[in-house]
Amino acid sequence: MKLEKTTWILRIIAAAILLQTLFFKFGAAAESIYIFSTLGVEPYGRIGSGIAELIVVILILVPKTTFIGALGGCIIMIGAILSHLFILGIEVQNDNGFLFILAIITLICCAGLLYFNNKQNI
């Protein structure tokens, strides 16, 4: 029972973070456009990553597909973290590293979901 509560907490945190970023990506917020322009993939990278993140959220929230959603979330967040470390910098447009921290939190939640759901999917 405790494990089930833990996995739901991890699901909700990861999904909430990913969902709130969709507003900025699909709404073409200035910061989002700046990030993807710096990466050289605006607008297709912004929209494509938004669609991928939406799919990951749905997969994470459905218990039978949590493992694959968490795997996708880990891959996306590793890409985001590497983009921050090697191209964007940890701080983007004076956000004090907020987006970077959100990416790390989401990666930790998705990695936890992989760990707790691995026996169900092997």
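**Ground rules.** I'm working on a predicted model, so local features need pLDDT of at least 70 and side-chain atom pairs count only at pLDDT 80 or more, while totals for chains, interfaces and linings use all residues. Residues are numbered from 1 along each chain as its sequence is written, and side-chain values use heavy atoms, with hydrogens and water left out.

Entry 1: I looked up the largest pocket and got a volume of about 580 Å³. Of its 28 lining residues, Thr21, Lys25, Ile35, Phe36 and Leu99 are the closest to its centre. My note on terms: on a 1 Å grid over the protein atoms alone, a pocket is an open set of points where a 1.4 Å probe fits, with protein on both sides within 12 Å along at least five of seven lines, and lining residues have an atom within 4 Å of a point. Grid points are joined across faces, edges and corners, and the volume is the space filled by probe spheres set on the points.

Next I checked which helices (DSSP runs of H or I, at least four residues, numbered from the N terminus) supply the lining. H1 (2–26), H2 (30–38), H3 (44–61), H4 (66–88) and H5 (98–117) each give at least two residues. H4 has the largest share, seven residues. By class I noted 16 nonpolar, eight polar and four charged residues in the lining. Here Ala, Val, Leu, Ile, Met, Phe, Trp, Tyr, Cys and Pro count as nonpolar, Asp, Glu, Lys and Arg as charged, and the others, Gly among them, as polar.

**Entry 2: H2 on H3.** I found their axes coming within 8 Å and crossing at roughly 110°. That makes H2 roughly perpendicular to H3 (the word covers 65 to 115 degrees). Axes are lines fitted to C-alpha atoms, for helices over the stretch in contact, and angles run from 0 to 180 degrees between N-to-C directions. Ser32, Ile33 and Phe36 of H2 make the contact with Gly45, Arg46 and Ser49 of H3 (contact means heavy atoms within 4.5 Å).

Entry 3: Which residues does a cis peptide bond join? I got glutamate 42 and proline 43, with omega about 0°. Proline 43 sits in the loop between H2 and H3. In the loop between H1 and H2 I found alanine 28, which has a positive phi of about 55° although it is not a glycine. I flagged both spots because most residues other than glycine have a negative phi, and most peptide bonds are trans.

Methods: Angles under 35 degrees count as roughly parallel, over 145 as roughly antiparallel, 65 to 115 as roughly perpendicular and the rest as oblique.
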